[in-house]
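Trainee: I would like a close look at one part of this protein, the pairs of aromatic rings. Please take me through them slowly, and then show me what lies around them.

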Amino acid sequence: GATMIYVTHDQVEAMTMADRIVVLNAGYIAQVGAPLELYHKPQNTFVAGFIGNPRMNFLPVTCTGVSASGVEVDYQGQRLRLPVAPRPGIEGATLSLGIRPEHITLGAGEMTLRITPSVVEQLGQQTIGYATLPGREETFCFVLPGTRVIEDDKPLDIGFAASECHLFDAEGQAFERSIDLAALTVPSAV
C-alpha cells in the first residue's frame, strides 16, 4: 500500500514495474499515464519512439483527406485511412505515420512496403529485420513472430493495418486514436 517513486532510463523496467509512468524529455513532462496507455496512445513522437522495443517506425505522409471517420494519408502513392480524430485545415500537410515493428506482417496489408532487409536477427521466438527505405536515412524495423526464413539483401513485402497506425502532426503531437484501452484488459478470474 506504499507509494514509491522509481527513476529509470530503462523503459522496459518502467513498463513492467509501474502503475503510472511520467516520461520526461529534456526536463519537461512529455506524458503521464499507465504503461499500456503510453504504448497504445502516445501523445507525441518522443513518447512513441521511447516506449516500445524496438522503437516505433515513422514515415512521412501527406494528408489527402479528412472525414468524420478519420484522416486519409498518402505514402509514395499508397493511400490509407487512419481511424484518428480529424483536425481542420490539415489537407496537404506533411504528417508522420507511426507503426510499431511488432504490428507489421509478412506479405500484403492495408499498406504494403517492398523492403530489402540488410540485417535479420533469428531469435527463435521472433525474427527481427532492419531495412533502409528508399529516400530515408532512418532504419525501418519489423518484428515477426517465430522463426521466419528471411535472407539479408533479398527484397520482400511487408504490410500493416490502418488500425495499428499512429498519426502525428508537424510538431510531433499525436492525433487521438480510436482505441478502447478498457477492451484490452483481461477480466480477472473469480
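Mentor: A search of the whole structure finds two aromatic pairs. Here, rings of Phe, Tyr and Trp (its six-membered ring) pair if their centres lie within 6.5 Å; planes under 30 degrees apart count as stacked, over 60 as edge-to-face and the rest as tilted. Keep in mind that this is a predicted model: local features need pLDDT of at least 70, side-chain atom pairs count only at pLDDT 80 or more, and totals for chains, interfaces and linings use all residues. Residues are numbered from 1 along each chain as its sequence is written, and side-chain values use heavy atoms, with hydrogens and water left out.

Take Phe46 and Phe50. Their ring centres are 6.0 Å apart and their planes meet at 5°, so this pair is stacked. Both residues lie in helix 3, four residues apart, which is about one turn of the helix. Helices (H or I, at least four residues) and strands (E, at least two) are DSSP runs, numbered from the N terminus. Phe46 is partly exposed, at 32% relative accessible area. Phe50 is partly exposed too, at 31%. The cut-offs are these: buried is under 20% relative accessible area, exposed is over 50%, and partly exposed is in between (1.4 Å probe, protein chains only).

Now turn to Phe58 and Phe168. This aromatic pair is edge-to-face, with 5.8 Å from centre to centre and 70° between the planes. The pair links distant parts of the chain: Phe58 is in strand 3 and Phe168 in strand 13, 110 residues apart. Phe168 counts as buried, at 0% relative accessibility.

Next, the nonpolar cores. A nonpolar core is a set of buried Ala, Val, Leu, Ile, Met, Phe, Trp, Tyr and Cys residues joined through side-chain atoms within 4.5 Å. In soluble globular proteins, nonpolar side chains tend to be buried together. The largest core here has 31 residues. Those with the most contacts inside it are Val73, Leu80, Leu82, Leu97, Leu113, Phe160 and Leu167. Among the elements that give two or more residues to this core are strand 3 (57-67), strand 4 (70-75) and strand 12. Another core lies apart from it, with eight residues, among them Ala14, Ala30, Leu38 and Tyr39.

Leu82, leaving aside neighbours within four places in sequence, is in contact (heavy atoms within 4.5 Å) with Ser69, Gly70, Val71, Val73, Leu97, Ala162, Cys165 and Leu167. Leu38 sits in helix 2. At 0% relative accessibility, Leu38 counts as buried. The C-alpha atoms of Leu38 and Val22 are separated by 9.6 Å, and the two residues are 16 apart along the chain.

Charged side chains pair as well. The whole structure holds six salt bridges. A salt bridge is a side-chain nitrogen of Lys or Arg within 4 Å of a carboxyl oxygen of Asp or Glu. One of them joins Lys41 and Glu176 (2.8 Å, N to O). Lys41 is in the loop between helix 2 (35-40) and helix 3 (45-50), and Glu176 is in the segment after strand 13 (166-168), 135 residues away. Both ends are partly exposed: Lys41 at 21%, Glu176 at 47%.

A second bridge joins Arg87 and Asp169 (2.7 Å, N to O). Arg87 is in the loop between strand 5 (78-82) and strand 6 (94-99), while Asp169 is in the segment after strand 13, 82 residues apart. Arg87 is partly exposed at 25%, whereas Asp169 is buried at 14%.

Arg114 and Asp157 meet in a further bridge (2.9 Å, N to O). Arg114 is in strand 8 and Asp157 in strand 12, 43 residues apart. Arg114 is exposed at 53%, and Asp157 is partly exposed at 30%. Glu72, Arg79 and Arg81 are linked in a network of salt bridges.

Last, step back. The protein has three helices and 13 strands. Of its 190 residues, 39% count as buried. The C-alpha trace spans about 55 × 45 × 40 Å along its principal axes. Residues 24 or more positions apart account for 59% of the contacts with a separation of 6 or more.
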